[in-house]
Amino acid sequence: MSNNTNSGFLFATCQNVLCEVGSSLRIGEIVTEQGYKSVLFVTDPGIASLNLHQSTIEGLQKAGVEVTVYDEVQADPPESIIFAALECAKKANAEVVIGFGGGSSMDVAKLIAFLAHPECSQTLADIYGVNNAKGQRLPLIQVPTTAGTGSEVTQVAIVTTGETTKMGSVSPIYLPDYAILDAGLTVGLPPHVTAATGVDAMVHAIESYTSAIKKNPMSDLLAKEALKLMGANIQTAVHNGKDLGARQQMLFGAMLAGQAFANSPVAAVHALAYPLGGHFHIPHGLSNSLVLPHVLRFNISEAADMYAELAPYTFPDVAFEGSSEEIAEQFIVEMEKLIKDLGLPMTLKEMDIEESFLPTLAKDSMLQERLLMNNPRPVSYDDALAIYTAAYQ
Ligand SMILES: NC(=O)c1ccc[n+]([C@@H]2O[C@H](COP(=O)([O-])OP(=O)(O)OC[C@H]3O[C@@H](n4cnc5c(N)ncnc54)[C@H](O)[C@@H]3O)[C@@H](O)[C@H]2O)c1
Ligand SMILES: [Fe+2]
């Protein structure tokens, strides 16, 4: 498929999106309407300790649904977590799986909905890679509690398989029956998490819009609308976290960005961010934010027109002027200002990374071929090293 918008494209997304403050209280109704009585509820210990899931679970129980909670999901979940959650689902005879949390909980929920189906004869090892998970899954409901990964509408589940290695299972079967977007669940997110996850979602929209291989007009529409919503609301969501309106718009924008990149994938920003997460456990959104301006500058020679198109959507109050290259540069400067205003660290040096480690990062980023192939400009090892060097201080 080419990036010519006159050529054909395939766009896949989930069946139902429920976007409303308080919508998570209606999940019991949704489950019982379909005639189901038992669910596996997948979440993480941080959410459990905050009791963020309590009202959702009470809503399910009030509707007469039996709820089994698996709340041991670790960030960047290893295989052992998938096996434990699967056992839990089987013991409970779960008919429906609910993912409740960030990307980690939702990714685990995807895999369990597939692997716990009574007809499933495949194992986790069988389903890594593209379109290897085939057949049926249990009904799946995804409830993001951060406005970030967009995992509620993507076809990917990511598992940590080694010290610094991850594997993905990609299949349309992971698109849920329902994505439930309820800002009531995100008001307690600390500012630095809101900022980092929000920038991650903005990167999804930017990289989707410039994707070299599967760029398509539907993803383009969604990416522009996502940047409009998130550009207008990210500052409020970070600095005034209780603002439900801004939080709801961020959740909606992050989901639109998720739909965009699920069909027109992310590229070098993510490829260069991954080694930072792998070696230094820097959260995914912050890793992206640290390399973002430098990858965009590197891409200008191929992507100036596209960045210039995105600029007025993201920053409607800025008077962008000049050639595409000049507007693209202004767009990058505005993104840098935004990252600074959100209070995120700006340099690798601030993250206590040794300069001598940059060649290792550059070498590791080259392994992300699956992502680099989507970048508008080819990235060599020397290019990656130059980008990390620019991001250093
Ligand atoms: N499937 C995809 O499309 C996709 C895309 C990007 C990343 N990922 C994967 O997702 C994972 C990262 O996801 P993530 O960045 O969302 O983080 P996460 O799910 O790993 O962790 C989120 C953290 O934030 C806390 N948290 C979540 N909601 C909260 C709330 N409302 N209030 C307070 N605390 C809250 C949780 O307790 C947890 O500690 C990685 O495994 C990554 O590989 C998947
Ligand atoms: Fe991301």
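Phe280 is partly exposed, with a relative accessible area of 30%, and Phe357 also counts as partly exposed, at 24%. Here, partly exposed lies between buried (under 20% relative accessible area) and exposed (over 50%), with a 1.4 Å probe and protein chains only. The structure is a predicted model, in which local features need pLDDT of at least 70 and side-chain atom pairs pLDDT 80 or more, while totals for chains, interfaces and linings use all residues. Residues are numbered from 1 along each chain as its sequence is written, chains are lettered from A and ligands numbered from 1 in the order in which they are written, and side-chain values use heavy atoms, without hydrogens and water.

A search of the whole structure finds four aromatic pairs, where a pair means that ring centres of Phe, Tyr or Trp (its six-membered ring) lie within 6.5 Å. Phe280 and Phe357 form one that is edge-to-face (planes over 60 degrees apart; under 30 would be stacked, the rest tilted). Helices (H or I, at least four residues) and strands (E, at least two) are DSSP runs, numbered from the N terminus. Elsewhere in the search, ring pairs link Tyr307, Phe315 and Phe331 into a cluster.

Next comes ligand 1. Its shell holds 25 residues, of which Asp44, Gly103, Ser104, Thr145 and Thr154 come nearest; a residue is near if one of its heavy atoms lies within 4 Å. Helix 2 (45-50), helix 5 and strand 7 (156-160) each supply at least two residues of this shell, and helix 5 gives the largest share, four residues.

Polar contacts are pairs of N or O atoms within 3.5 Å. The side chain of Thr154 has an N or O atom 2.6 Å from an oxygen atom of ligand 1, and for the side chain of Asp76 the corresponding distance to a ligand oxygen is 3.1 Å. Val156 takes part through a backbone N or O atom, 2.8 Å from a nitrogen atom of ligand 1. The protein covers 86% of the 870 Å² of accessible area (Shrake-Rupley method, 1.4 Å probe) that ligand 1 has on its own.

Because 1.5 Å is expected for each residue after the first, the 13 residues of helix 5 (residues 103-115) should span 18 Å, which agrees with the 18 Å between its end C-alpha atoms.

Notes
A polar contact is a pair of N or O atoms within 3.5 Å; within protein, one must be able to donate a hydrogen and the other to accept it, and residues adjacent in sequence count only if both atoms are side-chain atoms.
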